[in-house]
Amino acid sequence: MIFFDLSFANIYKQYLLCRKNKRNTINALRFELVQEQALLRLTDELQNKTYTPGRSVCFFAARPKLREIFAADFRDRIVHHVLVNYLEQLFEPVFIEQSFACRKNKGVHAGVKTLQKYCRQISHNGNKPAYFMQLDIANYFMTIDKHVLFTLLKKRIKDSNALWLTELLVFHDCTKNYTVKGNSSLANAIPAHKTLINTPDGKGLPIGNLNSQFFANVYLNALDQFVKHQLKCRYYVRYCDDFVLLANNEQQLHDWRQQIDSFLTDELQLTLHKKQLIAPINNGINFLGYIVRHNYLLVRRRVINHLKEKLHSFKQQLVIQNQQLNSYNTYYYFDEKLLDQLHAVLSSYLGHFKLASTAKLEHSLWQKNAWLTCYFELPMGTNSKFTCKYTRKLIRKYKTPKQFANVKQQYHYFRWRFSEIQGKKIIVLFQVGKFIEFYHQQDNAIAQLLQLKPMIKNKRGALFGFPLTKLTLMINNIKANGFACCVVKQTDTFDKVIQREVDFIV
């Protein structure tokens, strides 16, 4: 029998896993301040069966569609990790290979690859006709029956402590004790049948908790077993409540749908969504953000549109448009958080794109968002000639030291940082007080272009320069010679660090 470990050592281990990628959230920070005492108290409560879940936080997610999320308190999430870690050892051996949601070494990409493999196999690489049926369950999380769920869990749980904690979490009603964060007006836009607050007693699981995701997998494992062993469907893939069946006979799929509908109603008290899609696999299968065909994958148009909307939002915050130039707002000491968010968004979409045939799509996106090259070395680079051979690694160009020792170091950084934009070499015009100055030995070519004479020896180490009053004249000269330039303005001083703003003139 697998041991349910409620020792302090295991709870501390699960705490470390729980805080991963959550360490900067306010609840995690509060817990960390008193983590030793809090974990000892939690261990004692679990061992003595006096633990009760705390208050949840309700908020609303707008993407990919408007949903109500109930997130457990950080302390309760540790308990979820402790229980799920144990339950996974019991249920992973009975889960089928074709279930891909919220499981180790599974996920979206594995599910899509498996579906594509099945499309190739059943159609003999597109040489024979084959059909797919795509189904999902109506309002799945809100219609899960807790009594049925606990019965399914209880069959494999032999440890009394684990059974007590499982029952407590299954039947806990988070709508009795919660607080709302974010835009509470969105609650009115959610249909009544899609909110946990309106579900009958004994129904529904909160979206947003680790244990809910695992319980949802256990619940539909019964469907998996039915499809594989009763219907004998060889080509079947499920991700949460979205599942696809493949067959060579279209009528076979219609028959399976009727049997699945009856099974869900009789055994699990669930209902299939009214929409159903049965079509040839050559049409492409819309699954998990991709259009799946036997020989290639495409990214869904909705995913691309979401990325474009996010890029537009970031551009509004980072780029100020005026008649003659684009001003790239680069207050490095205050905007790094925003740029880190942009980096995370781009990296996430690149991770999604890498599975599909998206080289031309990415090339087009980078061309239409040339401002991104000011902050990142983009995967496609700045070459105008298209090529499919490139790296998808997104490298930050904006990370700067928090404090420069002197203006010469500042200049060398900006000279390295801004080298090319839209295929043009950039000349950096670096403001120091009422002058524009140059500090690099290779600036001789720029000095000749602008007809500048060497400066006399100075403490800053400036080699060339001109008064700020001649800035417009010099910019026109640079543009006339086919170069771009960026003016690194000196805007303010904060905590002995000079704040600078960069204007790009192309």
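Trainee: How many bridges join β5 to strand β6?

Mentor: Happy to start there. This is a predicted model, where local features need pLDDT of at least 70, side-chain atom pairs count only at pLDDT 80 or more, and totals for chains, interfaces and linings use all residues. Residues are numbered from 1 along each chain as its sequence is written, and side-chain values use heavy atoms, without hydrogens and water. Strands (E, at least two residues) and helices (H or I, at least four) are DSSP runs numbered from the N terminus, and two strands pair if DSSP finds at least two bridges between them. β5 and β6 (residues 242–247) run antiparallel, and the bridges joining them number 5.

Trainee: Which residue stands opposite phenylalanine 243 in β6?

Mentor: Look across from β6 to its partner β5. The residue opposite phenylalanine 243 is arginine 238.

Trainee: Which strands stand at the edges of the sheet?

Mentor: The open sheet has 4 strands with antiparallel pairing, in the order β5-β6-β3-β7. Each edge strand has a single partner, so one side of each is left without a neighbour in the sheet. The edges are β5 (235–239) and β7 (277–280).

Trainee: How many disulfides are there?

Mentor: A disulfide is a pair of cysteine sulfur atoms within 2.5 Å. Cysteine 58 is in none, as its nearest cysteine sulfur, that of cysteine 174, is 8.2 Å away. The count is 0 disulfides.

Trainee: Is cysteine 58 buried or exposed?

Mentor: Buried means under 20% relative accessible area, exposed over 50%, and partly exposed in between (1.4 Å probe, protein chains only). Cysteine 58 has 1% relative accessibility, so cysteine 58 counts as buried.
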